[in-house]
Amino acid sequence: MVAALIALAGIPLATAASAATAEPSGQAVTGAWQHHHVNFTYYGITALYSCDGLEDNVRRLLLHLGARKDAKVRAQGCPNGPSVPGRNAIVDVDFYTLSPSSDTNDTVQAQWVPVLVNATHPSFMGHGDCELIAEMKDLISKNFSLREVSYRTDCVPHEVNIDDFTIKAQALKELPAPMARTTRGY
């Protein structure tokens with residue numbers, strides 16, 4: 001089914017598959033964690049979120065893009081309670097992302113990694129998440145170290161389209177401990 005939808009959208013299947021499973025490439029770089037505190041308002045016309053669901057999706061997206069695992073997301077103002085889907089919420093996000101650094105204090109080994117966000121990748125994203133990705137554009141583009149960024153949203157109220165949003169970029173992500181040791185010559 002997904003292959004048929006990809007074919008209808010005119011996207012070669014090999015390209016979609018390789019983008020979704022891309023491996024880190026390039027040399028290890030030194031990165032320093034930078035703190036960010038951001039608020040944004042979610043207003044959905046097509047997709048409704050509960051505050052709980054919004055917190056979960058935003059946190060998972062931040063981690064996918066390279067945020068540190070201690071990222072905190074709090075959504076409030078859901079009119080019918082935290083577990084009932086609604087059109088709007090105020091989202092408070094507190095997180096750390098890597099920034100390239102030449103400093104030797106409090107740094108980690110990192111690498112530029114291809115990332116893809118669309119309606120089918122990562123697996124928790126779905127058709128209808130276009131409004132969320134549009135609302136998060138400033139948060140993502142201003143608070144993550146990204147290069148070769150392509151950020152596209154074509155949201156149409158009350159419509160769910162196959163290819164209405166995509167983020168493609170290289171994100172600076174921390175190397176797993178064994179890889180970090182290997183790149184340092186241990």
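Guide: Let us begin with a charge and a ring. A charge is said to sit over a ring if NZ of Lys or CZ of Arg is within 6 Å of the ring centre and within 35 degrees of the ring normal. Here the charged end of Arg68 sits over the ring of Tyr96, 3.8 Å from its centre. Arg68 also lies over the face of Trp33, at 5.5 Å from the ring centre.

Visitor: On what basis are such values given?

Guide: This is a predicted model, in which local features need pLDDT of at least 70 and side-chain atom pairs count only at pLDDT 80 or more, while totals for chains, interfaces and linings use all residues. Residues are numbered from 1 along each chain as its sequence is written, and side-chain values use heavy atoms, with hydrogens and water left out.

Visitor: In what order do the six strands form the open sheet?

Guide: Strands (E, at least two residues) and helices (H or I, at least four) are DSSP runs numbered from the N terminus, and two strands pair if DSSP finds at least two bridges between them. The order is E2-E3-E1-E4-E6-E5, with antiparallel pairing. Strand E2 (72-76) and strand E5 (146-153) each have a single partner strand and stand at the edges, so one side of each lacks a neighbour in the sheet. From one strand to the next, the twist averages 20°. Strand E4 (residues 107-117) pairs with strand E6 (residues 165-174) over eight bridges, and Pro114 stands opposite Gln170 in E6.

Visitor: Which strands does helix H3 lie across?

Guide: Axes are lines fitted to C-alpha atoms, for helices over the stretch in contact, and angles run from 0 to 180 degrees between N-to-C directions. Contact means heavy atoms within 4.5 Å. Helix H3 (residues 51-64) lies across strand E1 (29-43), E2, strand E3 (88-100), E4 and E6, and runs at about 150° to E2.

Visitor: How many aromatic pairs does a search of the whole structure find?

Guide: Rings of Phe, Tyr and Trp (its six-membered ring) pair if their centres lie within 6.5 Å; planes under 30 degrees apart count as stacked, over 60 as edge-to-face and the rest as tilted. The search finds two aromatic pairs. The ring centres of Tyr42 and Tyr49 are 5.4 Å apart and the planes stand at 85°, so this pair is edge-to-face. Phe95 and Phe144 form a stacked pair, 5.7 Å centre to centre with 25° between the planes. Phe95 lies in strand E3 and Phe144 in the loop between helix H5 (137-143) and E5, so the pair ties together parts 49 residues apart in sequence.

Visitor: Are Phe95 and Phe144 buried or exposed?

Guide: Buried means under 20% relative accessible area, exposed over 50%, and partly exposed in between (1.4 Å probe, protein chains only). Both Phe95 and Phe144 are buried, as are both Tyr42 and Tyr49.

Visitor: Which residues have the most contacts inside the largest nonpolar core?

Guide: A nonpolar core is a set of buried Ala, Val, Leu, Ile, Met, Phe, Trp, Tyr and Cys residues joined through side-chain atoms within 4.5 Å. The largest has 38 residues, and those with the most contacts inside it are Leu62, Met136, Leu139 and Ile140. H3 gives the most to this core, with five residues. Apart from it lies another core of six residues, among them Trp33 and Leu172.
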